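Here is a brief report on selected local features.

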Amino acid sequence: MSDGPSPAGARPLEPDRETVARWLEAAKVLVLDHLDGLETAPAGGVEGALDRLDELVEPLPEDGAELTGLLERVVRDWVPASFNTAGPGYLAYIPGGGIVPSAIADLVADVTNRYVGVFAAAPLLARLEMTAIRWLGDLFDQPPGMRGVLTSGGSIANLIALVCARHDRLGERFDDGVVYVSGQVHHSVEKAATFVGFPRARVRRVETDASLRLDPERLRAAIAADRRAGLRPAIVVASAGTTNTGTVDDHVALADVARDEGVWLHSDAAYGGAFAMTDRGRRALAGIERSDSITVDPHKGLFLPYGTGCLLVRDGEKLAAPHRSEAGYLPPMQDPEIAQDFCETSPELSREFRGLRLWLPLKTFGARAFRAALDEKLDLAARAAETLAAEPTLHLVQAPHLSLVAFRWDDGRGRSPDELDERNRELLRRVLAHGEVWLSGAWVEGRFTQRICVLSFRTHAEHVDRAVARYVEEARALGDGGRSVTTADGS
C-alpha cells in the first residue's frame with residue numbers, strides 16, 4: 001500500500017490511521033538520524049546552496065507525492081545546506097536551541113489545533129500558557145499584576161513594548177516624544193520605534209561608557225536637553241545582553257533615571273534574560289526587575305525552537321490598554337484578574353498555541369536542569385576568555401558579562417585601523433575554513449570584532465576549546481598575512 005495520500009475521491013486530506021502512523025514513523029527515523037549526526041555535521045554547510053536554488057522553483061503541483069519521500073528530501077538534502085544552528089559547534093550570532101520536547105509539543109499543538117487567542121475557546125490551555133508566562137515573570141520578581149504574551153521572537157516583543165510605552169506615556173499625540181537607546185541596542189528596537197510612529201529624529205542614541213553600557217549621566221543630560229527643546233522624553237531602552245558584545249546595561253542606575261524623569265524603562269533581555277535563573281546572572285541583571293517591560297526570548301536562553309519570544313509588562317493593565325478592541329463575532333472578554341484573552345494583549349487574533357512548547361520542556365526537565373546548563377555556558381565563556389586573553393595578539397573587548405566573548409586581533413605593530421579590520425576578517429575566514437565551528441563577527445564602535453557566543457545546550461567544553469584552539473592557532477599563523485580563504489559568511 002502506498003504511503004502517499006488516499007486515492008482521489010476518497011477524502012485525500014483525511015488519511016487513515018495506518019497512513020498517519022507510517023508518516024510519523026518515517027519522521028521519527030529522520031529526526032533521530034539528524035540528532036545522531038549533529039556532533040559530526042559541519043558547523044556551516046551553505047557552500048553550493050546558491051547553485052541549487054532552481055531545485056525549489058516549480059509550479060504548484062496538481063497531484064500529490066509520497067510524504068515520506070518529500071520529508072527525506074528536506075531533511076537529508078536541503079536542511080544540511082544551512083548553518084547548523086542546532087549543532088554544538090554553532091557559536092555565531094545568538095545560538096538557537098531546538099530542544100526536543102518543544103518539537104513534540106509543536107506536533108501535538110499543531111495536530112490538535114486548539115485556539116487559545118480567546119480564553120473561552122480553550123480555558124485550560126490558555127491557563128497553561130499563562131502559567132508558563134508567569135514562570136518567566138517570576139525570574140524577574142514581577143508582581144502579581146504582571147501580564148505577558150508569547151510572541152514569535154524578541155523583535156515583535158520589542159515592538160509591542162514600545163506600543164505600550166507610547167500609549168502610556170504620550171497618549172494619542174506622540175510626534176514630540178523621544179525614545180532613548182544606546183549605540184549597541186538591537187536593531188529591532190530602532191526599527192520598532194519607527195514602526196510605531198516615532199520619527200527617526202526622535203530616536204536618540206545616547207553614548208555608551210567605556211564598558212559599552214548606556215551611560216546614565218549622558219542619558220540624564222539628553223533628557224534635560226530635549227525637555228528644554230520642548231520635546232517629551234518618553235522611553236528608555238536598556239540592553240540585558242547586547243548581540244555585539246553581550247554587554248548588560250546598568251539597570252539599577254537606568255531605573256533610577258527612569259523613576260526620576262518619569263519615563264518608561266524597557267529592557268531588551270532577549271539574549272540575557274534567561275540567565276536570571278542563575279546566581280551569577282541575577283547579579284549581572286540586578287535592577288532589571290524595576291523595568292516597566294522586559295523582552296526575553298525562550299528560543300535563546302531556554303533553548304526552545306526559533307519562534308518563541310515573550311514580552312512581560314510589570315503592570316498588566318498597561319499591556320492590555322492599547323490592544324483593547326470590540327468585534328461582534330468575539331465572545332465577551334474575561335475579567336483580567338481571573339484569565340487572559342491573548343488577543344487583548346497583543347496585535348494577534350489568529351495565533352498558534354505557543355505555550356505548550358515552553359511549558360512542556362520546563363515540566364519535563366525542571367528548572368534545575370536549565371539552571372545547570374546556563375551555568376555551564378557562563379563557565380565556558382569565562383574559560384574561553386581566559387585562554388584568549390593569554391594569547392599576546394588577541395585582546396578582549398571586555399570581560400564577558402554573560403556567555404558572549406568579544407575580542408580582536410592586534411599584533412601591536414602599529415597597523416592602521418583599516419588594516420587591523422582586514423586582518424580580523426581574515427582571521428575569521430581562516431577559523432571558519434576548518435568547518436568545525438561556526439562563528440560570526442560584528443562591527444563594534446566602527447571596528448571589526450571577533451565574537452564567540454556560547455548558548456546551545458549541546459555545546460560543551462570540548463566544542464569551545466576547539467574553537468579557541470583554532471583562534472589561537474590561526475592568530476599565530478596570521479602574522480604578516482597569507483592567502484585568504486573565502487567562506488560563506490561573505491567576510
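Is T245 buried or exposed? T245 is buried, with a relative accessible area of 1%. Buried means under 20% relative accessible area, exposed over 50%, and partly exposed in between (1.4 Å probe, protein chains only).

This is a predicted model: local features need pLDDT of at least 70, side-chain atom pairs count only at pLDDT 80 or more, and totals for chains, interfaces and linings use all residues. Residues are numbered from 1 along each chain as its sequence is written, and side-chain values use heavy atoms, with hydrogens and water left out.

**The T245 loop**

T245 sits in the loop between β4 (232–239) and α8. Helices (H or I, at least four residues) and strands (E, at least two) are DSSP runs, numbered from the N terminus. The side chain of T245 makes a polar contact of 3.2 Å with that of T242. Another polar contact, of 2.7 Å, links the side chains of T245 and T247. A polar contact is a pair of N or O atoms within 3.5 Å; within protein, one must be able to donate a hydrogen and the other to accept it, and residues adjacent in sequence count only if both atoms are side-chain atoms. Setting aside neighbours within four places in sequence, T245 touches L212, V397, Q398, L404, A406 and V444. Contact means heavy atoms within 4.5 Å.

**Helices α7 and α8**

Helix α7 (residues 216–228) and helix α8 (residues 251–261) have axes that come within 9 Å and cross at roughly 20°. That makes α7 roughly parallel to α8. Angles under 35 degrees count as roughly parallel, over 145 as roughly antiparallel, 65 to 115 as roughly perpendicular and the rest as oblique. Axes are lines fitted to C-alpha atoms, for helices over the stretch in contact, and angles run from 0 to 180 degrees between N-to-C directions.

Which residues of α7 and α8 meet? From α7 come P216, L219, R220, I223 and R227; from α8 come A253, L254, D256, V257, D260 and E261. By class, this contact of α7 with α8 has 6 nonpolar, no polar and 5 charged residues. Ala, Val, Leu, Ile, Met, Phe, Trp, Tyr, Cys and Pro count as nonpolar, Asp, Glu, Lys and Arg as charged, and the others, Gly among them, as polar.

**Positive phi**

Most residues other than glycine have a negative phi. Two exceptions follow.
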